Amino acid sequence: MISNRRRLFLWTVRGGMYLAAALTGILTLFLVGYVMAKGIPNITWQLISTKPSYLSGNIGILPDILNTLYVVIASLAIVLPLGVGAAVYLTEYASSKRLVGVIEYAAEALSGIPSIIYGLVGMLMFSNNFGTCLLSGALTLVIMNLPTIMRNTQESLKTVPQAYREGAFGLGAGKWRVVRTVVLPGCIDGVLTGCILSVGRILGESAALLFTAGFAHALNGFWDGLSSAGATLTVALYVYAKEQGEFGVAFAIAAILMVLSLLINLAAVLVTKYFQRRNAV
Amino acid sequence: MNRPVITVNGLNLWYGQTQALKNISLDIPEKSITALIGPSGCGKSTFLKTLNRMNDLVPGVRITGSVCYEGQDIFETNVNQLRKEVGMVFQKPNPFPMSIYNNIAYGPRTHGITNRQELDEIVEKALRGAAIWDEVKDRLKKNALGLSGGPQQRLCIARALAVQPKVLLMDEPTSALDPIATSRIEDLVMELKSQYTIVIVTHNMQQAVRISDQTAFFLLGDLVEYAETEKLFSQPGDKRTEEYITGRFG
């Protein structure tokens with residue numbers, strides 16, 4: 001028999017857990033719902049297809065969308081070869097276990113640093129040389145995302161069976177050919193996961209870009225884009241909400257960002273599932 | 001015995017501080033099957049992997065003594081060229097995660113053959129050589145990992161044949177297979193003998209008796225006895241060989 005006190009205790013604990021679970025769910029739903037409800041009505045074709053003008057009083061976020069795209073592509077274009085190259089070196093070539101350990105530790109530590117510090121460093125390293133521009137912002141994001149790409153690739157490289165390498169070496173393939181034809185194709189899932197996580201992080205980044213890429217909303221030409229200052233969507237969100245008091249626009253941007261990040265998470269899940277199924281053959 | 005293709009003289013091998021091979025000397029005759037037997041950890045696999053320098057991949061390996069392939073010191077020659085001449089089949093079938101065709105074409109492509117027609121011919125010849133052509137000819141574009149264990153291992157043999165080696169090293173190629181798949185591989189190995197020199201590590205003494213021409217018995221890094229298979233199993237010259245083949249240890 002359970003005593004009444006014991007029964008009361010169990011009920012309380014169980015109730016507390018239900019409450020905590022319910023609160024978590026409700027809060028998340030509320031947040032998403034609130035942002036969507038406030039944001040979606042403000043998303044108009046006018047908003048996403050024009051640039052802002054002080055003369056006509058128009059507000060448009062097309063430049064911010066393009067800037068975001070620019071920063072994502074520029075960062076990935078630089079960080080991918082660097083991160084994948086570093087991972088391949090560390091797992092396939094480096095002979096000193098200690099060196100590998102130190103670099104891995106440094107990468108872990110790097111990924112825990114608050115992004116505003118990256119911003120500060122980026123400002124000193126890049127903006128002072130290239131000016132406040134998207135290129136400086138992208139380079140700063142490269143440093144920020146390097147550990148993500150590197151670690152994901154590395155973990156994935158470690159799962160490529162040693163038997164594949166042996167098989168290829170046994171046929172007389174040289175080191176580089178083995179890496180290129182057998183090892184790298186086997187870690188494509190890790191590279192992709194790292195990419196998707198990085199895109200998510202770049203989309204959500206504001207602090208590091210405030211310092212380095214500036215706030216401009218101008219539409220620049222395709223080639224001038226990188227060397228001009230520009231706000232990404234998150235930075236624009238900050239500017240519209242905090243400095244111009246345009247909360248409608250801010251919520252519209254927030255809704256767009258939220259949908260994008262949901263899509264990116266979905267993509268990450270789908271990619272992982274696809275490769276799990278493919279590898280299970 | 002036929003003329004020796006590989007001659008080993010005073011070979012010692014250490015993994016770090018442990019000596020895995022002690023002063024091994026033996027000749028491997030051309031176009032015959034040489035079986036390496038002995039209990040686990042006796043050094044037979046290590047010896048096999050020395051012959052095409054696969055031990056180079058293991059950190060901390062130190063080797064003294066000489067191993068000559070066709071009169072050339074293998075530690076002086078280009079390792080990729082050596083492995084082209086001295087191919088290897090591993091214990092567990094290890095096809096690459098790509099199509100059957102690309103698996104076979106991997107070796108030839110590595111050595112610079114890109115002509116599509118030439119590759120087609122090599123692939124067919126290799127698959128026929130490994131007695132697997134009829135099974136896979138209609139699904140050359142399918143992933144090799146979709147095959148089951150036995151066919152996978154014959155695919156790996158075909159992959160090794162595709163670079164036209166002179167010697168084929170086999171490291172317990174049937175230990176992961178069922179009896180039927182095993183006997184097919186054994187038949188294949190005996191057929192291959194007419195064109196290739198084969199060195200096979202086996203745990204299975206019946207297998208050594210069934211297929212090999214000469215047998216080397218290893219124990220704790222020593223080569224205890226090396227003789228014609230029939231002689232080694234009927235009148236072993238060493239007491240330890242006799243005890244091992246009659247199942248008193250191992």
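## A walk through chains B and A

Start by selecting strand S1 (residues 4-15) and strand S4 (residues 61-69) of chain B: the two pair in the antiparallel sense over eight bridges. Pairing here requires that DSSP find at least two bridges between two strands; helices (H or I, at least four residues) and strands (E, at least two) are DSSP runs, numbered from the N terminus. You are looking at a predicted model, in which local features need pLDDT of at least 70, side-chain atom pairs count only at pLDDT 80 or more, and totals for chains, interfaces and linings use all residues. Residues are numbered from 1 along each chain as its sequence is written, chains are lettered from A and ligands numbered from 1 in the order in which they are written, and side-chain values use heavy atoms, with hydrogens and water left out.

Now zoom in on Val8(B), whose bridge partner in S4(B) is Val67(B). Cys68(B) stands opposite Asp73(B) here. S4(B) and S5(B) form a hairpin with two residues between them, and Glu70(B) in the turn has a positive phi of about 50°.

**On to the six-stranded sheet**

Staying in chain B, colour the strands of the open sheet in the order S6-S7-S8-S3-S9-S10; their pairing is mixed. Strand S6 (86-89) and strand S10 (222-228) of chain B are at the edges with a single partner strand each, so one side of each has no neighbour in the sheet. From one strand to the next, the twist averages 15°.

Inside this sheet, pick strand S3 (residues 33-37) and strand S8 (residues 197-201) of chain B, a parallel pair with four bridges. Leu36(B) is opposite Val201(B) in S8(B).

Show helix H1 (residues 44-51) of chain B: H1 packs on the sheet, and the strands it touches include S3 and S9 (214-219) of chain B. Contact means heavy atoms within 4.5 Å.

**Last stop: two helices in chain A**

Select helix H7 (residues 162-170) and helix H8 (residues 175-186) of chain A, which pack at an angle of about 130° with their axes 10 Å apart. Axes are lines fitted to C-alpha atoms, for helices over the stretch in contact, and angles run from 0 to 180 degrees between N-to-C directions.

Show side chains to finish: Tyr164(A), Arg165(A), Ala168(A) and Phe169(A) in H7(A) meet Lys175(A), Val178(A), Val182(A) and Val183(A) in H8(A).
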